[in-house]
Amino acid sequence: MLLSEKLRVGSGAVWGKMLRHPFVLGLGDGTLPHESFRFYMCQDYIFLIEYSRVLALAAAKAEGLETMKRFAQLLDATLNTEMELHRDFCTECGIDSHALRRTVPAPTT
């Protein structure tokens, strides 16, 4: 059995709760309030910044060049592709760059 399959089987109760979470259901059926989605997108922006820091640290601390290269590639993709896509989508959703920069991370973020 693959590791992913073992993890999926072992997380059955939590997996089901995640799929039935009100945010996920509302996002799926179109009933999620715009403000909830806006909050999520702003928090996700903060997450991507911090995730980029983690990738940079991982590249710096990696023992081998191939591992360093992989983390550097992930960092580049996150900073230069994912972040741009995220900002563009936020703009389409009415979230301007000032709102993103003013976002304060929630405790769960």
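Begin by selecting Phe37 and Tyr40, which both lie in helix α4, three residues apart, or about one turn of the helix; helices here are DSSP runs of H or I with at least four residues, numbered from the N terminus. The model is a predicted one, in which local features need pLDDT of at least 70 and side-chain atom pairs count only at pLDDT 80 or more, while totals for chains, interfaces and linings use all residues. Residues are numbered from 1 along each chain as its sequence is written, and side-chain values use heavy atoms, with hydrogens and water left out.

Rings of Phe, Tyr and Trp (its six-membered ring) pair if their centres lie within 6.5 Å, and planes under 30 degrees apart count as stacked, over 60 as edge-to-face and the rest as tilted. By this rule there are four aromatic pairs. One of them is the tilted pair of Phe23 and Tyr40, at 5.3 Å centre to centre and 50° between the planes. This pair links distant parts of the chain, with Phe23 in helix α3 (residues 22–29) and Tyr40 in helix α4 (residues 34–61), 17 residues apart.

Then select the cysteines, where a disulfide would be a pair of sulfur atoms within 2.5 Å; by this rule the count is zero. The sulfur of Cys90 has its closest cysteine sulfur in Cys42, 6.0 Å away and so too far for a bond. For Cys93 the closest cysteine sulfur is that of Cys90, at 6.5 Å, which is also too far for a bond.

Conventions:
Helix = DSSP H or I, 4+ residues; strand = E, 2+ residues; numbered from the N terminus.
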